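Welcome! Please have a look at the sequence and the structure before reading on.

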Amino acid sequence: ILATVTAFHAALAAGDSAAALALLAPDAVVLESGEVETRAEYAAHHLAADIEFSRAVPSQRVVTLVHHEGAVAWVAATSTARGTFRERAVASQGAELMVLSRTDAGWRIRAIHWSSRRL
């Protein structure tokens, strides 16, 4: 479970959109910036910016909860990001919730909810 979430973040940091998308279930939803996006919408809209941000701004993630019930799990984490993105200073605190399900291919992310605030 945690390996899937970690691999997703590693794919973003490496700029590997194919690897990141491979960890998202076909019916995954991403809640970010006040919007709900399907996997396809996320791939077309926010994924590139998430990769760019992940590569530009150092972030420290702390997993606060991993819960597993049968074929469903969820992972909660917080993060602190400080750096520069598109020539603007960034100092933010974030929260993340990922819901996963076990598939024949392993654990896949079914939903992501990200929120953040300025420090």
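With a relative accessible area of 57%, S33 counts as exposed; the word exposed is used over 50%, buried under 20%, and partly exposed in between (1.4 Å probe, protein chains only). S33 sits in the loop between β1 and β2, and its phi is positive, about 55°, although S33 is not a glycine. A positive phi, near 65°, also occurs at E87, again a residue other than glycine. E87 belongs to the loop between β4 and β5 and is exposed, at 80% relative accessible area.

A word on the background: this is a predicted model, in which local features need pLDDT of at least 70 and side-chain atom pairs count only at pLDDT 80 or more, while totals for chains, interfaces and linings use all residues. Residues are numbered from 1 along each chain as its sequence is written, and side-chain values use heavy atoms, with hydrogens and water left out.

**The sheet**

Helices (H or I, at least four residues) and strands (E, at least two) are DSSP runs, numbered from the N terminus. Six strands make an open sheet with mixed pairing, in the order β2-β1-β6-β5-β4-β3. The edges are taken by β2 (35-38) and β3, each with a single partner strand, so one side of each has no neighbour in the sheet. From one strand to the next, the twist averages 15°.

Strands of a sheet pair through backbone hydrogen bonds, either parallel or antiparallel. Two strands pair here if DSSP finds at least two bridges between them. Between β1 and β6 the pairing is parallel, over 4 bridges, and L24 stands opposite I109 in β6. The strands β5 and β6 run antiparallel and are joined by 12 bridges; one of the facing pairs is L97 with H113 in β6. These two strands, β5 and β6, form a hairpin with 2 residues between them. Antiparallel pairing also joins β3 to β4, over 10 bridges, with R61 opposite S79 in β4.

**Helices on the sheet**

Which strands does α1 touch as it packs on the sheet? They are β1, β3, β4, β5 and β6, and the direction of α1 makes about 140° with that of β5. The helix α4 packs on the sheet as well, touching β1, β4, β5 and β6, and its direction makes about 65° with that of β4. Axes are lines fitted to C-alpha atoms, for helices over the stretch in contact, and angles run from 0 to 180 degrees between N-to-C directions.

H9 is buried, at 17% relative accessibility. Contact means heavy atoms within 4.5 Å. Apart from neighbours within four places in sequence, H9 is in contact with S54, R61, E96, M98 and W114.

**Salt bridges**

How many salt bridges are there? The count is 3, where a salt bridge is a side-chain nitrogen of Lys or Arg within 4 Å of a carboxyl oxygen of Asp or Glu.

| Pair | N to O distance |
|---|---|
| D27 and R110 | 2.5 Å |
| E52 and R86 | 2.7 Å |
| R61 and E96 | 2.6 Å |

In the salt bridge of D27 and R110, D27 lies in strand β1 (residues 24-32) and R110 in strand β6 (residues 106-118), so the pair ties together parts that are 83 residues apart in sequence. D27 is partly exposed at 45% relative accessibility, and R110 is partly exposed at 31%.

The side chains of E52 and R86 also meet in a salt bridge. This pair links helix α4 (residues 47-56), which holds E52, to the loop between β4 (72-85) and β5 (88-103), which holds R86, 34 residues apart. E52 is partly exposed at 36% relative accessibility, whereas R86 is exposed at 54%.

The remaining table row joins R61 to E96. R61 lies in strand β3 (residues 59-69) and E96 in strand β5, so the bridge connects parts that are 35 residues apart in sequence.
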